[in-house]
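Open your viewer and get ready to select a few residues at a time. Let's take a short walk through the structure together.

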Amino acid sequence: MSKLKSFSSAINSGHIYALLICLLGVALFGYSNHLEFLNYTSPKWVWIYSLTGASLLLTFSLVQLPPEGNELTMESSVYLACIFVFGGSGALTVLLLNCLIFYFFDRSTSWWKHLTNFSIYSVMICLSSYTFSLFGGRPGPLVNEHLTAYLMTLAIYFIGNTLLIGLYYYILYKSTLYEAIKDIIKDSFIVYMCTLVLSLILVVLIVHNQFLGLALFLCLSTLICYSFKRLFAMYRSIEDRANTDQRTGLYNHSYFEEVLEQEIQKSRSSGAPLSLAMIDLDDFKKYNDHFGHLQGDKLISFVGEMLKTESQKSGTVAARYGGEEFTLLMPGYDSLQARDYIDQLRKKLNNSSFHGVEIFPLGCLAFSAGIAACSLDIHDKSQLVDQADQALYYSKRQGKNTVHTYGMHSPLEQELDFSQDVRDIEQQLNLFMYKDMETFRHSKRVFRYAMDISELLDIDPISKRSFTLGALIHDIGKLEIPWNILNKKDKLAPEEWEMVKWHVTWGKKMALTNDKFKELAPYIELHHERYDGKGYPYGFKGEEIPRLCRMLTIIDSFDAMTTERPYQPTKSFEEAIIELRACAGSQFDPELTEFFIEYIETREHRTGDTAV
């Protein structure tokens, strides 16, 4: 609700800004023009009409700029030339006629937008005209001695336009003013420079060649606009080839990674749902071995074409991930909607005929799919991909031709998998028994704390599994720390402490080497982040740190305080609780700290035993 209010407020602020610009523009037009056009001579009217026609032609000749395809027009060169040859009043008259005629041609645009556009140009023309006069410029031929006046006029026109548009985007989208202006300059600087230089060329052509000069100018400007369009079309063609998988026509892996990151950011900022599906063709290797790679490629192309067609209908983003794997990014889909959609695709493929499908176990084309929904705890695109991949793994285990959602596997499956994963991690932790027995014991104690806490927290089964396994493996990176530092009895030297801090990064890399434990990487990497942003390795702050990682930080610190360590005194449970409360809000999440303290106090009251 607050975000909707914020957006509504931004729109209202944008309307107020447009109203103020309209009032300013109309007032400056009335003050500067003085209805002088009523006293124009016939020859001057001919020039006014001719320049109006030129400005209209350039208004309709849009310039498209890569990479975003922003559309700009070059009629400003006509207005500036009018200032230099006929004065500000003439330029305002040409502007008025241009806007009136354009309004009748473009009735689909709201009248107030036309008025706002007219007002913005009025402000820029008036400011530029005053600047031209202030620096000694006089309407007429281009005079070398007044070069400063011309340059300052062009600069003021450019600055005025950039500020007026930049302020609008700043108000509407709540970005920083600097970023809004920087984006405008980055996207349109070249066209602006062309426009400003062309205005001086037009002055020379009008003065020395009259209407022939104007005609030559229009030819030159039109060719420039056409060249920019061709450049943009070429850019789009190259971009499409770079982003497209040539065999299937779908987006490729690189483009998928780019869009995924953008959509995650949008989802986090707007709160809109986002889901990702990983799709793998069932028994593709069997088909490929039987019919050969050429026929296998045709099957890949067939499935890719189906996914492309269906994604265009639904507004999803389909990509080839590699081999016989595909991804579907689904903005606006929660996990249930995503599952229904992917299941429909699965059934559609089952019913699709293709050469040689009889060799498949089910006698039809089939795929297995895993779905993961984006959440606030997702701080990196690789996490969402890993979750979808884990769901795909369970889908394969269930007999293929199924769709599985991350976090939805059965309790029995959870228990079996969890037991095996604990055994696998403990095998790795056994290496600590020769290097640092205390780290081995610490990891086991933190794991038992996490098991207890996971029963009390309101979390789904998958989160419970990753939290407890993450607690067990969180210090695995310490295997890379030299024995003499890991077992040092004295206080660590600064350079030794810096090496110890690297264990979170080393541990993450170790977890990423095993597909089963990729999802545990955040617990390893982030358990030394602090709530106030002064932790390591990234300095994440508050809710930037996933909630369960914040809880693991509390558990890890509590156990470290209450067990004997070579470089710090041991605290009693009561002293450790006091320390936790003292650091709540700085090192630890205040809410989770109290939750953990309540658990400890309840447990101690129930057992009367301080051993873990």
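Select Lys396 to begin: in this predicted model, Lys396 has a relative accessible area of 25% and is partly exposed. Is Asp280 buried or exposed? Its relative accessibility is 10%, so Asp280 counts as buried.

**More charged pairs**

Side chains of opposite charge can pair when their charged atoms come close. A search of the whole structure finds 23 salt bridges.

Next, select Asp297 and Arg247, which form a salt bridge at 3.5 Å, N to O. Asp297 sits in helix H10 (residues 293-314) and Arg247 in the loop between helix H7 (177-243) and H8, so the pair ties together parts that are 50 residues apart in sequence. Asp297 is partly exposed at 23% relative accessible area, and Arg247 is partly exposed too, at 41%.

Then go to helix H9 (residues 284-291), where Asp289 and Lys285 lie 4 residues apart, about one turn of the helix. Their side chains meet in a salt bridge (2.9 Å, N to O). Asp289 is exposed, at 54% relative accessible area, and Lys285 is exposed, at 59%. After that, pick Glu257, Glu261 and Lys381: salt bridges that share partners join these residues into one network.

**The sheet**

Switch to a cartoon view and find the open sheet of 5 strands, ordered E4-E5-E3-E6-E7, with mixed pairing. At its edges are strand E4 (317-322) and strand E7 (403-405), each pairing on one side only. From one strand to the next, the twist averages 20°.

Zoom in on E4 and strand E5 (residues 325-331), which run antiparallel and are joined by 5 bridges. Which residue of E5 is the bridge partner of Ala318? It is Leu328.

Now look at the helices on the sheet. Helix H8 (residues 253-270) packs there, touching strand E3 (274-281), E4 and E5, and its direction makes about 130° with that of E4. Helix H11 (residues 335-350) lies across E3, E5, strand E6 (367-373) and E7, running at about 165° to E6.

**A buried helix**

For the last stop, select helix H3 (residues 76-86): 11 of its 11 residues are buried, so H3 is largely enclosed by the rest of the structure. Among them are Tyr79, Cys82 and Phe86. Just after H3, click on Gly87, which takes a positive phi of about 95°.

Conventions:
Residues are numbered from 1 along each chain as its sequence is written. This is a predicted model: local features need pLDDT of at least 70, side-chain atom pairs count only at pLDDT 80 or more; totals for chains, interfaces and linings use all residues. Side-chain values use heavy atoms; hydrogens and water are left out. Two strands pair if DSSP finds at least two bridges between them. Helices (H or I, at least four residues) and strands (E, at least two) are DSSP runs, numbered from the N terminus. Axes are lines fitted to C-alpha atoms, for helices over the stretch in contact, and angles run from 0 to 180 degrees between N-to-C directions. Contact means heavy atoms within 4.5 Å. Buried means under 20% relative accessible area, exposed over 50%, partly exposed in between (1.4 Å probe, protein chains only). A salt bridge is a side-chain nitrogen of Lys or Arg within 4 Å of a carboxyl oxygen of Asp or Glu.
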